[in-house]
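Dear colleague,

Please find below the structure that I am handing over to you. My notes on it come directly after it.

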Amino acid sequence: MSRPGTGLGLHVSKQIMDRLSGEIGFETETGAGSTFWVTLPLAEAPASEIDPEAEAAARAEGGW
């Protein structure tokens with residue numbers, strides 16, 4: 001059963017994404033439905049929180 005929405009959820013979600021420097025959007029195809037997507041920037045740990053040994057191990061394994 002399909003019910004129309006007010007669009008409030010997307011509006012609130014957009015406000016959150018704006019504050020997080022992200023993006024949100026959707027694509028609609030008639031008869032196929034809608035696809036919603038979000039993108040967020042990667043966060044970097046402060047230098048004081050980076051474990052040099054863990055970073056070296058991750059780089060060696062191709063994880064960085």
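The notes below go from the whole chain to its parts.

The model is predicted: local features need pLDDT of at least 70 and side-chain atom pairs count only at pLDDT 80 or more, while totals for chains, interfaces and linings use all residues. Residues are numbered from 1 along each chain as its sequence is written, and side-chain values use heavy atoms, with hydrogens and water left out.

Overall architecture

The chain contains two helices and two strands, in the order α-β-β-α along the sequence. Both kinds of element are DSSP runs numbered from the N terminus, helices being H or I with at least four residues and strands being E with at least two. Of the 64 residues, 6% are buried; buried means under 20% relative accessible area, exposed means over 50%, and partly exposed lies in between, with a 1.4 Å probe and protein chains only. Contacts are heavy atoms within 4.5 Å. Among contacts between residues at least 6 apart in sequence, 3% join residues at least 24 apart. The chain exposes about 5,900 Å², of which carbon and sulfur atoms supply 55%. Accessible areas come from the Shrake-Rupley method with a 1.4 Å probe, and for residues only the protein chains shown count as cover.

Helix 1

Helix 1 covers residues 8-19 and includes L8. Its twelve residues should span 16 Å at 1.5 Å a residue, and its end C-alpha atoms are 17 Å apart, which agrees; the expected span is 1.5 Å times one less than the number of residues. Just after helix 1, S21 has a positive phi of about 60 degrees.

The search of the whole structure gives one salt bridge, defined as a side-chain nitrogen of Lys or Arg within 4 Å of a carboxyl oxygen of Asp or Glu. The salt bridge joins the side chains of K14 and D18 at 3.2 Å, N to O. Both residues lie in helix 1, four residues apart, about one turn of the helix. K14 is partly exposed because its relative accessibility is 41%, and D18 is likewise partly exposed at 42%.

L8 counts as exposed because its relative accessibility is 53%. L8 also belongs to a nonpolar surface patch with V12, I16, L20 and L40, and together they have about 450 Å² of accessible area. Patches are made of residues with over 30% relative accessible area and no salt bridge, like charges being joined within 9 Å and nonpolar side chains (Val, Leu, Ile, Met, Phe, Trp, Tyr) within 5 Å.

The hairpin

Strand 1 (residues 23-29) and strand 2 (residues 33-39) pair in the antiparallel sense over seven bridges; pairing requires that DSSP finds at least two bridges between two strands. T28 stands opposite S34 in strand 2. The hairpin has three residues between its strands, and G31 there takes a positive phi near 85 degrees.

I24, in strand 1, has V38 in strand 2 as its bridge partner. With a relative accessible area of 23%, I24 is partly exposed. Leaving aside neighbours within four places in sequence, I24 contacts L10, S13, K14, M17, W37 and V38. The C-alpha atoms of I24 and K14 are 6.1 Å apart, and the two residues are ten apart along the chain.

With kind regards
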